[in-house]
Amino acid sequence: MDTPTPTLSKHLKLKTMSQSLSQLYIHITFHTKYNHDLIKADVEKELYAFFGGILKSNKSMPIAINGMDNHVHIFCIMSKSIAPSKLLEELKRNSSRWIKTKGEHYKDFAWQGGYGAFSVSPSKVDIVKRYIQKQKLHHKGETYQEEYIRLLKEHGIDYNEEYIWD
């Protein structure tokens with residue numbers, strides 16, 4: 001027995017009801033080129049706000065942004081319409097261009113070539129948010145290099161230390 005073919009109008013109705021849904025929590029961290037202490041207090045808050053604007057313009061929602069003079073941590077809900085590598089390219093390229101306008105100290109500013117990006121379980125959102133908000137306190141007991149290696153190990157990411165400090 002043949003199955004009747006759905007009509008075009010029935011097919012179109014089914015198409016308009018489909019949805020693509022996601023809730024992708026991501027913790028991103030990257031450092032200044034050669035891990036130099038380049039981010040001064042005079043631009044820090046403005047830089048973090050600038051990152052927030054880049055995230056929003058890429059349909060991603062910032063949760064917490066903070067860092068130190070040599071690195072940043074960005075915790076956000078990532079848009080389903082952008083790849084992590086593209087989002088990082090937007091964040092780093094635009095912020096580097098922006099910070100170079102902030103004075104002579106920043107004229108040669110650059111971010112490292114790579115980055116770390118870690119998925120976060122919804123049950124850990126508050127923990128990661130607090131962790132990022134308390135970066136200055138946290139780094140009284142751990143360097144960025146120690147922190148980054150720890151994060152890579154905690155997330156089971158293989159790495160070659162020869163290439164992560166460019």
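Q: Over the ring of which residue does the charged end of Lys33 sit?
A: In this predicted model, the charged end of Lys33 lies 5.0 Å from the centre of a ring. A charge counts as sitting over a ring if NZ of Lys is within 6 Å of the ring centre and within 35 degrees of the ring normal. The ring that Lys33 sits over belongs to Tyr34.

Q: Is Tyr34 buried or exposed?
A: Tyr34 is found in the loop between β1 and α2. Its phi is near 60 degrees, a positive value in a residue other than glycine. Exposed means over 50% relative accessible area. Tyr34 has 52% relative accessibility, so it counts as exposed.

Q: What is the relative accessibility of Lys59?
A: Lys59 is placed in the loop between α2 and β2. Phi of Lys59 is near 60 degrees, a positive value in a residue other than glycine. Lys59 counts as exposed because its relative accessibility is 66%.

Q: How many aromatic pairs does the structure hold?
A: A pair of aromatic rings is described by the distance of the centres and the angle of the planes. Rings pair if their centres lie within 6.5 Å. The number of aromatic pairs in the structure is nine.

Q: Is the pair of Phe50 and Trp98 stacked or edge-to-face?
A: The ring centres of Phe50 and Trp98 are 5.1 Å apart. Planes under 30 degrees apart count as stacked, and those over 60 as edge-to-face. The planes of Phe50 and Trp98 are at 15 degrees, so the pair is stacked.

Q: How many residues apart in sequence are the parts that Phe50 and Trp98 tie together?
A: Phe50 belongs to helix α2, whereas Trp98 belongs to helix α3. Because the partners lie in these two helices, the pair ties together parts whose separation in sequence is 48 residues.

Q: What is the angle between the planes of Tyr148 and Trp165?
A: Tyr148 is in helix α6 and Trp165 in the segment after α6, 17 residues apart. Both residues are buried. Their rings are 5.7 Å centre to centre and form an edge-to-face pair, with the angle between the planes being 65 degrees.

Q: Which residue in β4 is the bridge partner of His27?
A: Strands β1 and β4 pair in the antiparallel sense over four bridges. The bridge partner of His27 in β4 is Phe118.

Notes
Residues numbered from 1 in each chain as written. Predicted model: local features only at pLDDT ≥ 70, side-chain atom pairs only at ≥ 80, totals over all residues. Heavy atoms only, no water. Phe/Tyr/Trp six-rings, centres within 6.5 Å; stacked < 30°, edge-to-face > 60°. Buried < 20%, exposed > 50% of the residue type's maximum accessible area, 1.4 Å probe, protein only. Pairing = 2+ DSSP bridges.
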